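Let's take a walk through this structure together. Have the sequence and the 3D view open as you read.

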Amino acid sequence: MIEDDVFRITIPLDKVATDEGREQKTLSEREQKIYNMICENLHLSVEQVMAEFDISRTTVFRDYAKIKKVTGAMYDKKTSTWTLD
């Protein structure tokens with residue numbers, strides 16, 4: 001090898017890996033409904049989401065994390081409000 005040589009590494013992805021990458025950038029149907037609820041009510045509580053979808057607190061937080069990652073929405077614990085990008 002010479003110092004000025006340029007190397008390229010190519011890692012082929014199979015269909016499963018490609019599909020998983022796409023899923024991480026899109027919201028599921030329930031996550032989209034929760035996001036729509038957030039857009040309508042910036043003071044949406046975990047309890048309201050739990051009651052609406054009959055899901056656990058843990059599931060709500062998992063959905064919130066995905067919504068934050070995909071949409072950039074942020075929740076402020078001090079003011080109990082969502083901020084949308």
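**Starting from Ile38**

Ile38 is a handy place to begin: setting aside neighbours within four places in sequence, Ile38 is in contact with Leu44, Tyr64, Ile67, Trp82 and Leu84. Keep in mind that what you're looking at is a predicted model. Ile38 sits in helix H2. Is Ile38 buried or exposed? With a relative accessible area of 0%, Ile38 is buried, since anything under 20% counts that way.

Now for the core. The largest nonpolar core has 14 residues, and those with the most contacts inside it are Ile34, Ile38, Leu44, Val49, Val60, Tyr64 and Ile67. Which elements give two or more residues to this core? They are H2, helix H3 (46-53) and H4. H2 provides the largest share, four residues.

Tyr64 is worth a stop of its own. Not counting residues up to four places away in sequence, Tyr64 touches Ile34, Ile38, Leu44, Ser45, Val46, Val49 and Trp82.

Next, let's see how the helices meet. In general, you describe two packed helices by the angle between their axes and the distance between the axes. Take H2 (residues 29-40) and H4 (residues 57-71): their axes come within 10 Å and cross at roughly 75°. An angle from 65 to 115 degrees counts as roughly perpendicular, so H2 and H4 are roughly perpendicular to each other. On the H2 side, the contact is made by Arg30, Glu31, Ile34, Tyr35 and Ile38, while H4 brings Thr59, Asp63, Tyr64, Lys66, Ile67 and Thr71. Sort the residues of this H2 and H4 contact by type and you get five nonpolar, two polar and four charged.

H4 packs with H3 as well. Here the angle is about 105°, and the axes of H3 and H4 are 9 Å apart. That makes H3 roughly perpendicular to H4. Which residues of H3 meet H4? Look for Val46, Glu47, Val49 and Met50 in H3, which meet Arg57, Val60, Phe61 and Tyr64 in H4. The residues of this H3 and H4 contact divide into six nonpolar, no polar and two charged.

Follow the chain between these two helices and you come to Asp54, in the loop between H3 and H4. Asp54 has a positive phi of about 55°, although it is not a glycine. Asp54 is exposed, because its relative accessible area is 71% and the cut-off for exposed is over 50%.

Ser80 shows a positive phi too, about 55°, and it is not a glycine either. You'll find Ser80 in the loop between strand S1 (74-76) and S2. Ser80 is partly exposed, with a relative accessible area of 33%.

Our last stop is Thr81, in strand S2 (residues 81-83). Thr81 is buried, with a relative accessible area of 17%. What does the side chain of Thr81 make a polar contact with? The partner is the side chain of Thr79, at 2.7 Å. Beyond its neighbours within four places in sequence, Thr81 is in contact with Leu42, His43, Met74, Tyr75 and Asp76.

Terms used
Residues numbered from 1 in each chain as written. Predicted model: local features only at pLDDT ≥ 70, side-chain atom pairs only at ≥ 80, totals over all residues. Heavy atoms only, no water. Axes fitted to C-alpha atoms, helices over the stretch in contact; angles between N-to-C directions. Parallel < 35°, antiparallel > 145°, perpendicular 65-115°, else oblique. Contact = heavy atoms within 4.5 Å. Nonpolar A, V, L, I, M, F, W, Y, C, P; charged D, E, K, R; others polar. Core = buried A, V, L, I, M, F, W, Y, C linked by side-chain atoms within 4.5 Å. Buried < 20%, exposed > 50% of the residue type's maximum accessible area, 1.4 Å probe, protein only. Polar contact = N/O pair within 3.5 Å; in protein donor to acceptor, adjacent residues only side chain to side chain.
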